[in-house]
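Colleague: I'd like to learn how to read a model like this one. Can you take me through it, feature by feature?

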Amino acid sequence: MKKTTHFIFAITLIIAITSCNTNEVSTQASVASALQVEAYKVMPQPFTNELVTTAHLMAEEQIELMASMAGQVLAIYFKEGEKVKKGQKLIRLDDRSWKAQLVGVNAELDATQKDYDRKKELLSVEGSTQEEVDNAQSQIEILKSQVQQLQINISLANVVAPFSGQLGMRDFSEGAFLKQGDLITTLSANKQLKVGFNLAQTHAKSIEIGKTVLVLVGQDTLEAKIYAVNPVVDFQTRTINVRALLEQKTNRTIMPGAFAEVLITTNLINDALLIPTQAVVPSISEQTVYVYKNGKAVRKVVVIGNRTADKVHIVSGISAGDTVLTTGLLAVKDGMDLKIQSIK
């Protein structure tokens, strides 16, 4: 009986030791099979969205100078492409007949004025009538109006620059006959450029007078200030037209019409959730991330917003304090055991 008891005890001890060894081997195998990954802890932080949109560069002032009346070109005072000052004479159309008429009308006006003065003096001694005085005064006004009309014609025949700027080309020579409305040349003031662009109405709160935007022209990044916002939303595109003013650089002149883009900051978020871009696993229909929870991988579907150079804004799907995987994303599966090597 005593031998049987010792035998049973020995068997039990062997089974217990074997079981312990088996559990230890199983635990070691589980640890060895856990996927080793690096992770990132999600914490709220300020984030400003950046929006890039195509812009249209316009001269600060630009016009097409047209012939105000028909006439032969007597003189051209400008060279194509040169810079001119406000009031500088550009061309002279034939104004000789109006100048000749002006001499005659001025002489007639002078004589009529003297006649009026004489009749007005005689009126006091009844040497003339009030009707004669009134007729003389009426004739003076008629002649004055003729003088003004001739002066206007002469002025229109001598075309001057309405503002300082740079001239364009011309397609006529001295002696050519210009019809009313024919193009003389273009004039543009390019010291500053107008930057026109459109933004979706959802960004209306991000637009304000005086706000600085970045203008991307070729390899240059320049600053411009918003000076005007259209108060009406375009009913077809649901966009708002905005204009900013850009100072030209001293060492380089940007031509109006050049291709440009505007970079504008919109919608400041004080508690945005940003994660490294490599943490997002894209697919055809959704974006996912893997969260570390209790030693396991948990798959989460997320909605993403705008991006920076190395991070992406998560609109929904994860919470502050979550730990998302940044490596091992090609091998990880939902529910897989994980071992964190480092957390940033």
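Colleague: What share of the 344 residues in the protein is buried?

Modeller: Buried means under 20% relative accessible area, exposed over 50% and partly exposed in between, with a 1.4 Å probe and protein chains only. Here buried residues make up 32% of the 344. Keep in mind that this is a predicted model, where local features need pLDDT of at least 70, side-chain atom pairs count only at pLDDT 80 or more, and totals for chains, interfaces and linings use all residues. Residues are numbered from 1 along each chain as its sequence is written, and side-chain values use heavy atoms, with hydrogens and water left out.

Colleague: How many helices and strands does the protein have?

Modeller: Both are DSSP runs numbered from the N terminus: helices are H or I with at least four residues, strands are E with at least two. This protein has 3 helices and 19 strands. Its radius of gyration (over C-alpha atoms) is 43 Å, well over the 20 Å from the globule rule (2.2 Å times the number of residues to the power 0.38), so the protein is more spread out than a compact globule. Along the principal axes, the C-alpha atoms fill a box of roughly 175 × 50 × 35 Å.

Colleague: In what order do the 4 strands of the open sheet come?

Modeller: Two strands pair if DSSP finds at least two bridges between them. The order is β6-β5-β3-β8, with antiparallel pairing. β6 (158–160) and β8 (177–178) are the edges; each has a single partner strand, so one side of each lacks a neighbour in the sheet. Helix α3 (residues 130–157) packs on the sheet and touches β5 and β6 (contact is heavy atoms within 4.5 Å). The direction of α3 makes about 60° with that of β6, using lines fitted to C-alpha atoms, for helices over the stretch in contact, with angles from 0 to 180 degrees between N-to-C directions.

Colleague: Is Ser188 buried or exposed?

Modeller: Ser188, in strand β9 (residues 183–200), has 13% relative accessibility, which means it counts as buried. Ser188 touches residues including Ala59, Phe163 and Gln166, leaving aside those up to four places away in sequence.
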